Amino acid sequence: GYHQAEQLAASAVAGVTTYVPAPATTSGRTKDGQAVFPKERFRYEVAADVYYCPGGHALPFQKKNLNRGQERGLYFDRAACRGCALIKQCTTGSCRVIGRHRLAGALG
């Protein structure tokens, strides 16, 4: 199946409990077909609106974009990634970018 964040948020407001399997996350770097540092390894702090990577670096909100018509925030810090000893375990790019759907907090 599939889901849309707006439908999940409406279900939550209506008091309906939904069960949706977590989508596979990608980081661009895999080992045995699995992301070495999947998004789940990044801790999100609501009050500061920032992610913390496995290396301990803060990845603040940088900008919004659309992904398949859905608005999301992008979190990254190019300077922190450049100086990170774990970069090769995290991404094949020059910087790891974490996307967060605009309704992520409303969905619990």
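Select arginine 100 and tyrosine 44. Arginine 100 lies over the face of tyrosine 44, 3.6 Å from the ring centre. A charge sits over a ring when NZ of Lys or CZ of Arg is within 6 Å of the ring centre and within 35 degrees of the ring normal. This is a predicted model: local features need pLDDT of at least 70, side-chain atom pairs count only at pLDDT 80 or more, and totals for chains, interfaces and linings use all residues. Residues are numbered from 1 along each chain as its sequence is written, and side-chain values use heavy atoms, with hydrogens and water left out.

The structure holds four aromatic pairs. In this one the ring centres are 4.8 Å apart and the planes at 50°, so the pair is tilted. (Rings of Phe, Tyr and Trp, its six-membered ring, pair if their centres lie within 6.5 Å; planes under 30 degrees apart are stacked, over 60 edge-to-face, the rest tilted.)

Next, select phenylalanine 61 and tyrosine 75. How are their rings arranged? The pair is edge-to-face, with 5.6 Å centre to centre and 70° between the planes. Tyr44, Tyr51, Phe61 and Tyr75 form one aromatic cluster.

Now show the surface. Tyrosine 51 is buried at 3% relative accessibility, and tyrosine 75 is buried at 4%. Phenylalanine 61 is partly exposed at 34%. (Buried means under 20% relative accessible area, exposed over 50%, partly exposed in between, with a 1.4 Å probe and protein chains only.)
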